[in-house]
Amino acid sequence: MLATPAPVSLASALLPAQGWKSSRSLLWRGKRRTCSRKGNSSLIIAKFELKPPPYPLSALEPHMSRETLEYHWGKHHRGYVDNLNRQIVGTELDGMTLEDIITITYNKGDLLPAFNNAAQVWNHTSFWESMKPGGGGEPSGDLLELIKRDFGSFERFVEEFKLAASTQFGSGWAWLAYKANRLDVGNAVNPRPSEEDKKLVVVKSPNAINPLLWDCNPLLTIDVWEHAYYLDFQNHRPDYISIFMEKLVSWEAVSSRLEMAKAQVANREREEERRKRAEEEEQMPYSEAVKMYLESDGDGDDSEAE
Ligand SMILES: [Fe+2]
């Protein structure tokens, strides 16, 4: 499902362990973009901050302990933020959105050094906001209708989500995502998109990978790295997943993300339509000029040239 890695490794040119401070060396250079240390790095401060969960650290008890939140958010998530800021400060990644950094450093599967920290910052924020005290139950409204349409029933969706989360080998994530492109080949663009192409999907991803890289809008996620559940559930990942679905999921957050995803996709489609029209209009004067030239060629009437 991942895009094919770039044939030539770019990572080897990155973040040289030596000579880093003494030169304005290139961090990486691709076909379309370059990334370099900026000339006056003293003016640049990487800005990503550790965003707290939208509830107190003890608010998910007894299902997820304060101790787990203290370690998971307070140490692991904080570590990703701090490491990312150290990696990008003074580079051209500094000042970009987190989403852009994730996309650029994914580098078609040949990961650049900042990718794992950037993606883990995004993933963890999404995870905290996927839960709420007193969560669980069933969604409603458009979200429930789409779940029924695309999975058959809410119960079948839950089964599929649990299966994805429990079978992700090693560290990773499981997701419910809004997919506006039915093609299942990396980031390929559907040449003939239709309303039916837009659907909900369940996917799992290893390590820090997330569905943004597959042109999907993540709506719900569960962290299945061991650090997410070991203090509360030891090695019983399926129990952790069940509690997450039954007691912690914030369907309000998922519904809100769905609406944002729909709006984002609609904006993108309008923008693509505008771009197509602009390209057609750019071509038109040339076509008309050629037609006029061919029609007037050799007729001996030079009045057109005046
Ligand atoms: Fe985690």
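## The iron site

Let's start with the metal: the iron ion is held by His72 (NE2), His124 (NE2), Asp223 (OD) and His227 (NE2), at 1.9 to 2.1 Å. Donors here are N, O and S atoms within 2.8 Å of the metal (3.2 Å for Na, K and Ca), and water is not among the atoms, so sites may look incomplete. The angles between the four donor atoms run from 88 to 132°, so the arrangement is tetrahedral (four donors with all angles between 85 and 135 degrees).

Along the sequence, the donor residues follow the spacing H-x51-H-x98-D-x3-H. His72 in helix 1 (residues 66-88) and His124 in helix 3 (residues 115-129) link distant parts of the chain, 52 residues apart. Helices are DSSP runs (H or I, at least four residues), numbered from the N terminus. His72 and His124 are both buried, meaning under 20% relative accessible area, with exposed over 50% and partly exposed in between (1.4 Å probe, protein chains only).

## About the model

This is a predicted model: local features need pLDDT of at least 70, side-chain atom pairs count only at pLDDT 80 or more, and totals for chains, interfaces and linings use all residues. Residues are numbered from 1 along each chain as its sequence is written, and side-chain values use heavy atoms, leaving out hydrogens and water.

## Salt bridges

There are 11 salt bridges in the structure (a side-chain nitrogen of Lys or Arg within 4 Å of a carboxyl oxygen of Asp or Glu). One of them pairs Arg66 with Glu70, with the closest N and O atoms 2.7 Å apart. These two sit four residues apart in helix 1, so about one helical turn separates Arg66 and Glu70.

Key: Four donors count as tetrahedral if all angles lie between 85 and 135 degrees; four count as square planar and six as octahedral if opposite donors are over 155 degrees apart and all others between 65 and 115; anything else is irregular.
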